[in-house]
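Notebook open, structure loaded. I want to look at the core and then at the salt bridges.

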Amino acid sequence: MSRLVVSLLVPAILLAHALLSGCGRAGSPTVADAYTLSRQFAGSGASLPDAYYQAVIAAFKQVAPEVTVSYDAIGSAAGKKEFAERLTDFAGTDSAVTDTDAITPGTFVRLPTVAAPVTIAYTLAGVDGLRLRPDTIAGIFQRDIRHWRDPRIVADNPGVPLPDLEITVVRRADGSGTTDNFTRYLVAAAPSWRLSSGDSIDWPADTQAGERNTGVARLIQRRSGSVGYLDLRDAMQAGLATAAVRNRDGRFVKPTIEAATMALAAARVHGDMTYDVLDAPGVGAYPITALSYLLVRTSYGDVAMAELAKRFLTYLLTDGQAIADDVSFAPLPEVLRLQALAQLDKIRG
């Protein structure tokens, strides 16, 4: 069956009544009667924020039971592609929109939604407190460092009994905003990083590839000595150990929601709602913190659909922010949340 979202047809008189009644909840767009249209609002994209989006969708269903909102975690690159082809109403991405995404400028709004640490997760028996500098991480993932007793890892972990094991590197197989954030962090923080950055890059041939963050987690679990990058939620769900990463202030910081929140507080917002958060300053800031976005259309060609979109997005940026910590994500700082809410005025029918 096609993934193209099919809007249910309604009589013109019912549509007019839905748009004119305006009896919604206080402070929300005038869409209470639009719920009765039983519309669908479907999206796809980044796997990193999937647990958060699913939790928000479930909570929104309680206040708007006639509306069906869905989200398919297929990766940032695939989500942007489906959005560009108009197969979905919105897209989730942890990376920027570029010319290669074929999404026409001015036809979409970018909304920051939630943030999460990108962890360096590993399987090493007896090693729970691994510490890594940015250049050590770069050396591991570009295969300059191939053994857990390499002098550079030993130097980061004095007194830690590192195993006599070869390193198995695990990375994403699909186009991924997690990959984009991880590699852009290395470009910013590790002078020795020689590979590029982006949703997909040319990894060394002897690395292992997993689909989505959950696939990366499974590969790390299977083999002792494995290491990979993935979001905190999926690392925790898989029971994986995660490394403390040295930040710009010279402190080794574990990936936690509190440390991600500190990174967000120090970051800078641009006019297009992009947000510099990687390698953020701050003693307690976790340096590989990724901010997720939703791409939504400026015009849906349907007033009721546009109002439905505004209602769901308003919920996500208000009540939905309180859900973030429950599923291991960092909510938006208040200034950024209010800026995101203001962007909803650009969505038209």
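Which residues of the largest nonpolar core touch the most other members? I found Tyr52, Ile120 and Phe141, in a core of 88 residues. Helix H10 (residues 303-317) gives the largest share of this core, 9 residues.

For my own reference, this is a predicted model, where local features need pLDDT of at least 70, side-chain atom pairs count only at pLDDT 80 or more, and totals for chains, interfaces and linings use all residues. Residues are numbered from 1 along each chain as its sequence is written, and side-chain values use heavy atoms, with hydrogens and water left out.

My terms: a nonpolar core is a set of buried Ala, Val, Leu, Ile, Met, Phe, Trp, Tyr and Cys residues joined through side-chain atoms within 4.5 Å. Buried is under 20% relative accessible area, exposed over 50%, partly exposed in between (1.4 Å probe, protein chains only). Helices (H or I, at least four residues) and strands (E, at least two) are DSSP runs, numbered from the N terminus.

Next I looked up salt bridges (a side-chain nitrogen of Lys or Arg within 4 Å of a carboxyl oxygen of Asp or Glu). I get 12 of them.

Asp199 pairs with Lys80, closest N and O atoms 3.2 Å apart. Asp199 sits in the loop between H6 and E7 and Lys80 in helix H3, so the pair ties together parts 119 residues apart in sequence. Lys80 is buried at 1%, and Asp199 is buried too, at 16%.

Asp206 has a salt bridge with Arg143 (3.1 Å) and one with Arg146 (2.9 Å, N to O). Asp206 is partly exposed at 39%, while Arg143 is buried at 10%.
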